[in-house]
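Work through the exercises below with the model open beside you. Try each task before reading its solution.

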Amino acid sequence: MVRNRRRPYNSSMIYEHDNTAGFLKATLEMKAKQNARYSMRAFAKKIGLSPGGLSQVMNGKKHLSAERAHSIGQALELDAREAEYFLSLVQMESTRAPALKLQYLEKVKHLNPMVTLGEDMKQTLLTLEIRDFDQLDAV
């Protein structure tokens, strides 16, 4: 008998987010709704972060490395495209070079054409002094 294996995390909801913090917060909230005893500490352990490290990531004070993003993708059982999207978000958030940030943004938009650029990302791009902000509409 073949069982229909249910994925423990609703990873398809990753496409509802334009940043890693939002996705991780939503995933934690979903798990907490499914199990009232599920905690940030348990989630941090599941994805291989310390509770403090997870808190810093979710509050935008710390960025994930590509290696950590890969291991989190595996822990959350993201499929290949979801993992690529998650990694692209991580890379977009962690790079400081405006040209690279735009390149990762293009990749994010390619993987998820429905993604909207959140205010946080708009502010980040403005802070980086991207002169032709209209380029973003073409991305």
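**Exercise 1. A charged pair**

Which residue forms a salt bridge with Glu84, and how far apart are the closest N and O atoms?

Solution. Start with the ground rules. This is a predicted model: local features need pLDDT of at least 70, side-chain atom pairs count only at pLDDT 80 or more, and totals for chains, interfaces and linings use all residues. Residues are numbered from 1 along each chain as its sequence is written, and side-chain values use heavy atoms, leaving out hydrogens and water.

Step 1. Recall the term: a salt bridge is a side-chain nitrogen of Lys or Arg within 4 Å of a carboxyl oxygen of Asp or Glu.

Step 2. Find the partner. Lys107 forms the salt bridge with Glu84, and their closest N and O atoms are 3.5 Å apart.

Step 3. Lys107 sits in helix 6 (residues 98-111) and Glu84 in helix 5 (residues 80-94). The two are 23 residues apart, so the pair links distant parts of the chain.

Step 4. Check exposure (buried means under 20% relative accessible area, exposed over 50%, partly exposed in between, with a 1.4 Å probe and protein chains only). Lys107 is partly exposed at 32%. Glu84 is partly exposed at 33%.

Step 5. Count. The structure holds 1 salt bridge.

**Exercise 2. Two packed helices**

Describe how helix 1 and helix 2 pack.

Solution. Step 1. Two packed helices are described by the angle between their axes and the distance between the axes.

Step 1. Helix 1 (residues 20-34) and helix 2 (residues 40-47) make an angle of about 120°, and their axes are 10 Å apart. Axes are lines fitted to C-alpha atoms, for helices over the stretch in contact, and angles run from 0 to 180 degrees between N-to-C directions.

Step 2. Name the arrangement. Angles under 35 degrees are roughly parallel, over 145 roughly antiparallel, 65 to 115 roughly perpendicular, and the rest oblique. Helix 1 and helix 2 are therefore oblique to each other.

Step 3. List the contacts (heavy atoms within 4.5 Å). Leu24, Thr27 and Leu28 in helix 1 meet Met40, Phe43 and Ile47 in helix 2.

**Exercise 3. One alanine**

Is Ala44 buried or exposed?

Solution. Step 1. Locate Ala44: this residue lies in helix 2.

Step 1. Read the area. Ala44 is buried, with a relative accessible area of 0%.

Step 2. Find neighbours. Not counting residues up to four places away in sequence, Ala44 touches Leu49, Ser50, Pro51 and Leu54.

How values were computed. Helix = DSSP H or I, 4+ residues; strand = E, 2+ residues; numbered from the N terminus.
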